[in-house]
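Hi! Here are my notes on the model you sent over. Have it open while you read, and go point by point.

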Amino acid sequence: MEDVVVMFPSVGMGHFISMVELGELILTHDPSLSITILLTPKHYEAASAANYIKTITGTTPSINFHHLRPLHHPPPDSSIHFFDLVYQLIKQYRPVVRDALQSISEKSNIKAVILDFMSNHAFEVCRSLNIPTYFLFTGSAFGAGIMLYLRTMLENLPGSLKDQKFYIEAPGNPPICSLDMPSTLQDKDTDSYKNLICTSENMAKSSGIIVNTFAALEPRVMKALADGEYIPDGPTPPTYYVGPLIKGNTGDDKCLDWLSSQPSKSVVVLIFGSLGKLKKDQLIEIAKGLEKSGQRFLWVVRNPPPENEAGHAFEFKDPDLDDLLPAGFLDRTKEMGLVVNNWAPQGEILRHESVGGFVCHCGWNSVLEAMHAGVPLVAWPLYAEQRMNRVHLVEGIKVALRLKMSEEGFVTAEELAERLRELMEEESGRKIRDHVSNMSISAKAAVADGVGVPLSETSRHTGLGEPKLVILPLSGARSCRSSVKSA
Ligand code: UDP
């Protein structure tokens, strides 16, 4: 029987792509394996997901997609947060996942299941079938550490985070203000909070945690993880650092031609993740700030979020730039800047020689793409765990400048202009620029020929210990954890 690794990604393209990339990485290390990816109909609802599946099926025959049968539940309440909907969906799918694993195991030998952390509710199913079960954590090692630390940090707290303002001390991290913790953790009575605590418990019991990061970027957190500091009352599972997993080039795009006409390291990029949408008054303020800064720029603009965000998060109609931006802005800045509707090939843009800075929403994939390309950041967190990431990026690993914002997250034109000048021209910005250039050397060293990221490379370049490979337990190798301890 052939050996197979089964993967269950979360819904949402970012998580899905990360899982597939991990699958490809595993195959480069062990081509005798095959990968089966479980998908609910929700996973391939979007046209982009269906196209992506088609492409992968064509290029990587060892990756199979197993379509789970549809469930006929009443449509979920549209007021439920997307995050909770995903958890709920996976919970509903538990019996179907069990049937699927049983049927796969009749023909193949399931070596392991890898769950996205948001597919947490499938964990008990896998464990009850005695299958070694891993978690892929799509954020940073810092985020994985915090996730493991949640029970220690929050369960003993009287009341909820939202009721108090204080600084949280977690191993290997600068103190984090309680208000900067994700909204999903703020209220103990919510489903999101309960889902995350349950994920924290299951990750601690798992066979290992796989994180898309590299050693030079987060050494203090990795050391704390290795020393078991995030789980003071029990063992810490092995942790595997497989990053940076960076998307390859996607082809030509007119913004790359425009970048090629700009001087070296002169352009600031402003892109706010796959979902980031800003209100009209903020778009106007950004435009004014860009003009004031005198910097060249490439800016991806989307329509403001509708009043009722539920159900519209993934809608991207072309914005009417003349209506959204200040009168004459596009004309006045046509020599200096490029405004792009909705979406641009961010990875390739950041790798372009003309790019010198990035206003980033602090999403982890964007951070890794910037570090790999050697582009320093101005941190503008918007949603999810991004305010927490800002603490890590600005105060912890020092690869970003902090942008002053109001409590509601509003940034003035003056503040934006000043931070852009600081990042691109000033001495304080130079420290960050130099630090990120070094990070890029380490990131590139961790990537083997643009194909995959053997951890052996990472450890060799950072002195963390002996070579180790991804999914080592499958082939009897050792975890990063033990090697960091012995370093
Ligand atoms: N992205 C892109 N073009 C865009 C916006 C986003 O290519 O206009 C990509 C970006 O390169 C990254 C991903 O979408 O790979 C966003 O992931 P991240 O983890 O940074 O943020 P999220 O979207 O999950 O908040």
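1. Helices (H or I, at least four residues) and strands (E, at least two) are DSSP runs, numbered from the N terminus.

2. A quick word on the source: this is a predicted model, where local features need pLDDT of at least 70, side-chain atom pairs count only at pLDDT 80 or more, and totals for chains, interfaces and linings use all residues. Residues are numbered from 1 along each chain as its sequence is written.

3. Now find the open sheet: seven strands in the order 3-2-1-4-5-8-9, with parallel pairing (two strands pair if DSSP finds at least two bridges between them). Strand 3 (63-67) and strand 9 (239-241) are the edges; each has a single partner strand, so one side of each is left without a neighbour in the sheet.

4. Zoom in on strand 1 (residues 2-8) and strand 2 (residues 34-39): they run parallel and are joined by four bridges. Which residue of strand 2 is the bridge partner of Met7? Look for Ile37.
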